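Trainee: Could you take me through one part of this model up close? I'd like to look at salt bridges.

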4 protein chains.
Amino acid sequence: MIIVIQCTDRVGLVAAISGLLAQKQFNIISMHEHVDNTANLFFMRLEVDKTIDDERIEDDLRDILPNNAIIKINPAAQKKIIVLVTKEYHCLADILVRNYFNTLGASVQCVIGNHETLQDICKRFDVPFFYVEAGNDKAEFEQQVINTIQNHDYDYLVLAKFMRILSHDFVSRFPMQIINIHHSFLPAFAGASPYRQAYERGVKLIGATAHYVTDELDEGPIIAQQIIPANHSLTVADMVKAGKEIETAVLAKALKLVFDDRVFVYKNKTVVLE
Amino acid sequence: MIIVIQCTDRVGLVAAISGLLAQKQFNIISMHEHVDNTANLFFMRLEVDKTIDDERIEDDLRDILPNNAIIKINPAAQKKIIVLVTKEYHCLADILVRNYFNTLGASVQCVIGNHETLQDICKRFDVPFFYVEAGNDKAEFEQQVINTIQNHDYDYLVLAKFMRILSHDFVSRFPMQIINIHHSFLPAFAGASPYRQAYERGVKLIGATAHYVTDELDEGPIIAQQIIPANHSLTVADMVKAGKEIETAVLAKALKLVFDDRVFVYKNKTVVLE
Amino acid sequence: MIIVIQCTDRVGLVAAISGLLAQKQFNIISMHEHVDNTANLFFMRLEVDKTIDDERIEDDLRDILPNNAIIKINPAAQKKIIVLVTKEYHCLADILVRNYFNTLGASVQCVIGNHETLQDICKRFDVPFFYVEAGNDKAEFEQQVINTIQNHDYDYLVLAKFMRILSHDFVSRFPMQIINIHHSFLPAFAGASPYRQAYERGVKLIGATAHYVTDELDEGPIIAQQIIPANHSLTVADMVKAGKEIETAVLAKALKLVFDDRVFVYKNKTVVLE
Amino acid sequence: MIIVIQCTDRVGLVAAISGLLAQKQFNIISMHEHVDNTANLFFMRLEVDKTIDDERIEDDLRDILPNNAIIKINPAAQKKIIVLVTKEYHCLADILVRNYFNTLGASVQCVIGNHETLQDICKRFDVPFFYVEAGNDKAEFEQQVINTIQNHDYDYLVLAKFMRILSHDFVSRFPMQIINIHHSFLPAFAGASPYRQAYERGVKLIGATAHYVTDELDEGPIIAQQIIPANHSLTVADMVKAGKEIETAVLAKALKLVFDDRVFVYKNKTVVLE
């Protein structure tokens, strides 16, 4: 059983929570906590080895925690996700493989693509693929995507190299539910063609960033980042190719953290308890 | 105030400890714990923001902890160290600079060298240097080193590229008090000439390892390790040169961890709570 | 066109080779060379932008190079490989995905497994899978594998987490044609259960190594290596899980280097010109 | 002898250069070249094992190279540098130590500080320190710094955590001669307080960048960059502390590359031949 808590900090919180668990004879397998002293916020993730009635322990916790506490008990072991793609296969294929072998920590409900390129790979893994053409009318396109989404269960939408910028309206429907992989070390090179920007600037490292999507393009809370060395010998095309490897790795890592309920969001940034 | 605890694990330890601290109105600034389920051992490092009478809190903790508990309260903020060297300067100079600017987390009592090469740099930093010639009689040499050590206060001996193998007798006098930097990614390339070994084997990474010294050469508990890429273009001399950079960095990191009371030793390995 | 040369070193080789190419109006796109002064060997990889009759340029090169020169002109753009597996999917799935999207730099002729576990994923990608049961008779098992191999074209055999030790007889049939991924930073933790060994030793980094297979177990020339940080909080199972990610990445990188004709072997090590 | 060439690219350059060297019985120890096809530029760095009359070989090279060729023969084995600092010691101390042990690849002529903090460490290494107070009049301050500089020989000015922004006038006097260490992964977090910016943005990696100084703040050609992992548990002060380690390492690496004549500048970026 996993218990996740986020609330105002005060003296004695750890004692109160661990005392409650000890009293109920729960064995703590792992406990991670963080206090942001500036924001006066307390974050905790617990793994305990006894599964009891969820609501009771939640009620008991609520009695000892500040009023503003967000408590999640035993969050859905198996999250449900919908993946949005364009043409590039690397992130999607990695997700489909992990999904197929039950190591993703979530199950892929369907894939939505604004190109048909990736239909076949989905079919091979028996995952429904929905092609939604992105014509001139952005609102209509997004409405069709939303319609497709709403026909499925989902906890998160994963933008696995989905190359369309989503509108304010779209994003605000799914607060902290959309996870994107951006092909640069944000905040460097936000927006279009980050590898071309990196090439022009002559950087010696290129990166990838997985983040929650908010209204401001590439400005949402960062979940995971990684870099690889670069140098003058790489063309833009070489950077694109090399970058795919870390894009795949960073998105996989970020998804694992989110699906394991290790990521807390506040003040446009994340606490990752691992 | 830092509190460090190592004992047999049992249900309720975190609750008991944090409860005691809450009752005494200590504010927990940071708390890190680890349980080794295989060994059934519990490790904890606490930073709290109230300094009270050390013995009382130790007694109170002892009342609620298993009998075998090792408790250290407010360990000497400023550790004392003696550094042993041969000819290479890089690790020693780094230690002397940090010592001089009070960022080492320990104070260097003296330096002992089996060559005179590094005498001058010590003098420039007003750190006593003792030259002990390593002749044919190893026992005599070690006895002289021990005599020099015993004329000083020390918590740890740091082998900062000290190129002599210490005898069983020597090592057993300073259990888990000697920290060495070995110029390979242990357990690969233990013993002499690790860079030559690495070159011959054609590895694609070279490393450095900081570890406690035990009877078995290069087999003591590992504190920190790091690597850098290598390739065919590096000669042995190039590897030696490149390796010095990570040797310096790894030893500095390991010393910081040890001096901050973050390193626990058991079963010939370490728990590092950071 | 790619030109690969390995020969005894002597003054003027670069001048002679680049002079010949200039005379024929070949434009050098990239040129990488290495000299091992100890072994007195010269290695070169050239990409030039004119495709002419292969044999002529090879003859011309042979006229200006030492007698022992190994010259490969325009090596098969598309290598052919056979993959051997046991039960773990991560390396195989990565290879199958790249194969499917034509980014592997080789085409997978078939997969041979000593368990049936991975048959289905192969089927989904229309890649032939052959199950060869590993009974008590090792010689018979290997003979069956060899029979299967000989029914296909191949340049390399890739052991993608194939958990059987191959005999001297088997290995000697495919000199420098078998590529293995070993789940440790070799030469540390050769042999069985490297993650358990790493756990017991308490290392702070875990690694993976891709290498050519020779007679001596895990002692062949190393092509690529990578590590990730580890610490006390990881169980053996955690290390196994984390390790899969770098095993996949390191094998993919090594295969790309080999298929691009960037890897030269001599004295049980490699020169990798990239 | 080191030969460095930068010129317009054309077919046959490598042949012509290596032919000339072979004819003169020079043995090429290492040769690195790069062609930027977009800019049609050729870069080469050669190490050869015969030292002959510099001007002759330069003339001979000039005969076979395009008119715009920049040729440097046997550049001053020992560069001369002046270091500018404010209060932070880490980069300066590293430079002083390497200078003292003759491993810097340059000799420190003097140190100029706008605070007196680092005077003593310079004195300990017998390196002249000049204190120039930065009052309200920036022009006057810079003039005094320039006066001090002009009293010494120098090839490069190194800003080793010099916390003043230099004027256009100052910078334009020393084109591609000023090397700065910036405490972020540029172009992310240019300008003031990069660690605070990094903290606010919640990045998962922090970095350092060594670059040539040009008119535009933190926009000059990048020489070297490096990152270390960061997470929510780091305060701004923690990031500052952790960052010092990579600032020191990155500046040291960049200086080594520049002093070894491995860095070529064009189009506001660098080619680093190593």
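Is A:Lys161 buried or exposed?

Mentor: A:Lys161 is buried, with a relative accessible area of 2%; buried means under 20% relative accessible area, exposed over 50%, and partly exposed in between (1.4 Å probe, protein chains only). Before we go on, this is a predicted model, where local features need pLDDT of at least 70, side-chain atom pairs count only at pLDDT 80 or more, and totals for chains, interfaces and linings use all residues. Residues are numbered from 1 along each chain as its sequence is written, chains are lettered from A and ligands numbered from 1 in the order in which they are written, and side-chain values use heavy atoms, with hydrogens and water left out.

Now the partner: the A:Lys161 side chain meets that of A:Glu88 in a salt bridge at 3.8 Å, N to O (a side-chain nitrogen of Lys or Arg within 4 Å of a carboxyl oxygen of Asp or Glu). A:Lys161 sits in the loop between strand S8 (156-159) and helix H6 (168-173) of chain A, and A:Glu88 in the loop between strand S5 (79-85) and helix H3 (90-100), so the pair ties together parts 73 residues apart in sequence. Those helices (H or I, at least four residues) and strands (E, at least two) are DSSP runs, numbered from the N terminus. A:Glu88 is partly exposed, at 21%.

For context, the structure holds 64 salt bridges over all chains. One of them joins C:Arg98 and A:Glu245 at 2.8 Å, N to O, crossing from helix H3 of chain C to helix H8 (residues 236-259) of chain A. C:Arg98 is buried at 16%, while A:Glu245 is partly exposed at 40%.
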